[in-house]
Structures are given as structure tokens and as C-alpha cells.
Amino acid sequence: MLNLNTHNRPRLDEHGLTAAFFDAVLERAIQAGLTSDEHFSVDGTLIESYASAKSFRPIGDQGDERDEGDGNGFKPRNLAVDFHNKKRGNATHRSSTDPEAMLYRKGSGQEAKLCHIGHALTENRHGLILGVTVSVASGMAEPAAALEMLDRLQQRHGKKPKTLGADKGYDSGPFYQQLESRGVEPHCAMIRTPPPNPKYIVRRRQAEVEARCRMRGRLGSLEYCLSQRCRKKVEECFGWIKTIGGLARSRHAGRWRIRQQPEVLAAAYNLVRMRKRIPT
């Protein structure tokens, strides 16, 4: 495996070597007939930033706070910072260690952390990874990254899926419209709130609501049930990448550095799965 802890990291990024390594492994899997040509799944996961919560400071605040220490002159390296009753947000604060990291929480009742979002596109036959990327942690990052990976897959490998399975995080009318314009049938889980009647929606939003209504009409179909069952394979990818690959928390600051690691790990994951499926 490529050693990413090196001063040659900028060269790897400049020439796109980690992405080329992933594409070469994926092309081998495609040539061996191990990937599905029609049915894919997509999902995202949080990657905790290398930065600590103490680095999340007001924008423009370059002051270097120092702990006064005790009476004996001892000054600890780990500064004492009190966040109690202080409101912090991405609009007013930024990490001094990793400025691209955003304060984000996965769900209600969970703590907010400085993180990025990793994305993976998989095929439904053997669960091989067809695309990976890392984006800003935001509510609409997952649909945008999914479309980016689909377009890249078609450009690089000529793959154009017929269906795409996803979880509730992708339940969005504009996202469904984008998929349908590409000839892809969305098979996404939906939130409990049903879409409103398009007749009572303003004209500029009617197409979005109609797309959600079409998605709701697929929920009971056999194709949808199969897509949702196969979609769980993408969770296996994230589990392996985080536990075996060590990407539960990034060890680098800067999204271009972080992106190199999942590209190499995704290639390694595919190689592990391909080893048992390519006849020798």
C-alpha cells in the first residue's frame, strides 16, 4: 500500500496518483466481470477532523491564549478553555488547525464534532466500491457528492446505472430530479412526512414535489426492497475503512490530504474482495 505519510504527498495530489491507483484496481474488477452494470448504492459517513474542539475559535481571532499556570510557574501545553454558555457555529467560528472542517452532528441528541463527510458509491452484486470522495460537512453534501461520483464513473469507466439505493439523507426532490434526468431510478428511503399535494404548491416547487411523489410510489415495489437490502453492503465498506484502515478520525489537516487516504483504502478494500472472486 502507498505510504501517505511522506513529504511526497503534494506530488501524489498534483498528478492524481492515488485516484489513478483506485481507478486501475476498479478497472481490473470491471474487466473481470465482478461489478454490476445497473444497480448501485450510495452513502456517506462522518470523518472526525484532526483538529481539536479547542481550535474552533471566532473567525479573525488570531490571539494565542496562554494558561497562566499555577503559582509555581508551571504552564501546561494543553490550554484550559471553557465553552460553557458560549454559542459557537460555523458562521462565526473556524478551526485554526483545519479550517475546512465544520462543526456537525449526525442526529438529534448527538454531540457536534469538527468533521468532514466521506462518500462511497458501491455496486450491488459484490459490494465493490466504484467511487469515493470527501466533502464539506453539510446537510446537502451527500446528494451533491452522489451526483459527482456518478458522473465521474460514467466518464472514466462508461458505467451508467439504472437504479440507485440510498438512505433518508438523500430524500430530496431536486436530487431525484437530477437522477431521473440521468436515466437513473432513485430507490431512496424517505422521511415519515409524506410529500404535499403538488396542486397546492407554488409552481417553482411543483416539479420537486412531483419527483418525491414518484419516489413514494416506488416504496412498495420489489425493486425498491431489493435495492434497500443490497444498500447495506456500503456499510460494510465504511466499517472496513474505519476499523481496518483507521479512517474513523483523520490524521491529516486539509481535505485534499484526507481524500488521498480513502482512495487508497477503497482500492485495498476492493483488492481484498476481488482476491476471493477472481479465479486463479
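Ser49 counts as buried in this predicted model, because its relative accessibility is 0%, and its place is the loop between E1 and strand E2 (56–58). Apart from its neighbours within four places in sequence, Ser49 is in contact with Asp98, Ala101, Leu114, Cys115, His116, Arg249 and Ser250. Among contacts between residues at least 6 apart in sequence, 68% join residues at least 24 apart.

**Cavities**

- The structure holds 3 cavities of 30 Å³ or more, and the volume of the largest cavity is about 90 Å³.
- Strand E1 (39–48), strand E5 (113–123), strand E6 (129–135) and helix H7 (233–243) are the elements that give two or more residues to the lining of the largest cavity.
- That lining is made up of Thr45, Ile47, Gly118, His119, Val132, Thr133, Val134, Phe238, Ile241, Lys242, Leu247 and Pro262, and by class these residues divide into 7 nonpolar, 4 polar and 1 charged.

**Largest pocket**

- The largest pocket contains about 380 Å³ of space, and its lining consists of 17 residues, of which Asp43, Gly44, Lys106, Glu142 and Asp167 lie nearest the centre of the pocket.
- Sorted by class, the pocket lining has 7 charged, 6 polar and 4 nonpolar residues.
- E1 and H7 each supply at least two residues of the lining of this pocket, and both elements also give two or more residues to the lining of the largest cavity.

**Lys242 in helix H7**

- Lys242, one of the residues that line the largest cavity, has its place in helix H7.
- Lys242 counts as partly exposed, because its relative accessibility is 24% and buried would mean under 20%.
- Not counting residues up to four places away in sequence, Lys242 touches Thr45, Leu46, Leu247 and Ala248; of these, Thr45 and Leu247 also belong to the lining of the largest cavity.

**Nonpolar core**

- In soluble globular proteins, nonpolar side chains tend to be buried together.
- The largest nonpolar core of this structure has 46 residues, and those that touch the most other members are Val42, Leu121, Ile129, Leu164 and Phe175.
- Helix H8 (residues 255–275) gives the most to this core, contributing 6 residues.
- Leu164, when neighbours within four places in sequence are left aside, is in contact with Phe40, Ser41, Val42, Leu121, Leu150, Phe175, Leu179, Val184, Glu185, Pro186, His187 and Cys188, and among these partners Val42, Leu121 and Phe175 are themselves named with Leu164 as core residues that touch the most other members.

**Thr122 in strand E5**

- Thr122 has its place in strand E5 and counts as buried, because its relative accessibility is 0%.
- Once residues up to four places away in sequence are set aside, Thr122 touches Phe40, Ser41, Gly127, Leu128, Ile129, Leu130, Val234 and Cys237.
- Phe40, one of these partners, lies 82 residues from Thr122 along the chain, and a separation of 5.7 Å is found between the two C-alpha atoms.
- Phe40 and Ser41, both touched by Thr122, are also among the contacts of Leu164.

**Met215 in helix H5**

- Met215 lies in helix H5 (residues 203–217) and is buried, because its relative accessible area is 0%.
- Beyond residues up to four places away in sequence, Met215 touches Tyr176, Pro186, His187, Cys188, Met190 and Tyr224; of these, Pro186, His187 and Cys188 are also in contact with Leu164.
- Between Met215 and Glu185, 30 residues apart along the chain, the C-alpha separation is 8.7 Å, and Glu185 is likewise one of the contacts of Leu164.

**Cysteines**

- The structure holds 0 disulfides.
- Cys115, one of the residues in contact with Ser49, counts as buried because its relative accessibility is 2%, whereas Cys225 counts as partly exposed because its relative accessibility is 42%.

Methods. Residues numbered from 1 in each chain as written. Predicted model: local features only at pLDDT ≥ 70, side-chain atom pairs only at ≥ 80, totals over all residues. Heavy atoms only, no water. 1 Å grid on protein atoms, 1.4 Å probe; cavity = no way out; pocket = protein on both sides within 12 Å on 5 of 7 lines; lining within 4 Å. Points joined across faces, edges and corners; volume = space filled by probe spheres on them. Helix = DSSP H or I, 4+ residues; strand = E, 2+ residues; numbered from the N terminus. Nonpolar A, V, L, I, M, F, W, Y, C, P; charged D, E, K, R; others polar. Disulfide = S-S within 2.5 Å. Buried < 20%, exposed > 50% of the residue type's maximum accessible area, 1.4 Å probe, protein only. Contact = heavy atoms within 4.5 Å. Core = buried A, V, L, I, M, F, W, Y, C linked by side-chain atoms within 4.5 Å.
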